[in-house]
Amino acid sequence: AGACLAWASTGRRLVTGGADGVVKAHSLEDFVSIRVARYDSPVLCVSSSIDDLFLAAGTAAGRLDARVRLAAKPHHKLRRQPLAPPPGTYRHFQRGKAYQPRGVDVLAVADILPAPASKKPKLQPYDEALRKFRYGDALDAALATRDPAVVLAVLAQLDRRGGLHAALANRDEDRLEPLLAFLAAHVATPPYAARLIPVVHLALDQYRSALGARPAIDELFNRIALNLARETDAQRALLRLSGT
């Protein structure tokens, strides 16, 4: 059953949309009808442009579809256009070299409703904490990754922002141990030393009073000192070998 209609071709055709989701064009000269489009939901409105190049249809699903007429030669009779072989079929691969691609009578170009906005890339927890100036949480999130590159990048960002002191401050034993364990593991690594040694000095200044009171913290500070001493001795030996 038709649910809507519109004039086309300056009154020589009638375009109808039905509750079955089918849009048809009817010639009022020879009373030939063809199906122009089919939708998954009932068609509530149809409209054709004055030059007969565009056809728009709105469906009950909230879709507004615009189609453009590509046929260049006008014809007084409305007839079905032969369809090209669908891609992937046997006939598609047997078309031969002489086959010339051709446009169809009506081609869907776009749904003209606004496209949904693309989702913003999700920030990592340490990036989100830095964005909100939660410097201590940013350092904790970086340490949780166990990735030295991530931790060093966050430390560099905190240093540039002047937030390194705030990131290390007010840590209990549970939050201080991961930091000291990371420093003990990587402070003697030459590429990391320049960034981590100032962090060690800052941690000593802030938590000097905790030394001797918490065995786990004492052990980690001792490991840091031992690893630095070993690396210093190795560097001195290398300098002696080089004759400087």
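**A buried threonine, then a pocket**

Tutor: Thr16 counts as buried, because its relative accessibility is 17%. Buried means under 20% relative accessible area, exposed means over 50%, and partly exposed lies in between (1.4 Å probe, protein chains only). The model is predicted, so local features need pLDDT of at least 70 and side-chain atom pairs count only at pLDDT 80 or more, while totals for chains, interfaces and linings use all residues. Residues are numbered from 1 along each chain as its sequence is written, and side-chain values use heavy atoms, with hydrogens and water left out.

Thr16 sits in strand S2, residues 13-18. Helices (H or I, at least four residues) and strands (E, at least two) are DSSP runs, numbered from the N terminus. The Thr16 side chain makes a polar contact with the side chain of His26, at 2.9 Å. Such a contact is a pair of N or O atoms within 3.5 Å; within protein, one must be able to donate a hydrogen and the other to accept it, and residues adjacent in sequence count only if both atoms are side-chain atoms. Beyond four places in sequence, Thr16 touches Cys4, Leu5, Val22, Val23, Lys24 and His26. Contact means heavy atoms within 4.5 Å.

Rolling a probe the size of a water molecule over the atoms shows where empty space is left. On a 1 Å grid over the protein atoms alone, a pocket is an open set of points where a 1.4 Å probe fits, with protein on both sides within 12 Å along at least five of seven lines; lining residues have an atom within 4 Å of a point.

Helices H3 (135-145) and H6 (173-186) each supply at least two residues of the lining. H6 gives the most, with 6 residues. By class, the lining has 5 nonpolar, 1 polar and 5 charged residues. Here Ala, Val, Leu, Ile, Met, Phe, Trp, Tyr, Cys and Pro count as nonpolar, Asp, Glu, Lys and Arg as charged, and the others, Gly among them, as polar. Among the lining residues are Asp140, Arg146, Phe182 and His186.

Look at H6 itself. Its 14 residues should span 20 Å at 1.5 Å a residue, and its end C-alpha atoms are 20 Å apart, which agrees. The expected span is 1.5 Å times one less than the number of residues. Phe182 and His186 are among the buried residues of H6, along with others including Leu176 and Leu183. The buried residues of H6 pack against H3, H4, H5 (164-168), H7 (190-207) and H8 (215-242).

Arg146 lies in the loop between H3 and H4 (148-161). Arg146 is exposed, because its relative accessible area is 76%. Its phi is positive, about 60°, although Arg146 is not a glycine.

Pro125 and Asp140 are 15 residues apart in sequence and 9.5 Å apart in space, C-alpha to C-alpha. Pro125 belongs to helix H2, residues 125-131, and is exposed at 52% relative accessible area. Phe133 lies in the loop between H2 and H3. Its phi is near 60°, a positive value in a residue other than glycine. Phe133 is exposed too, with a relative accessible area of 59%.
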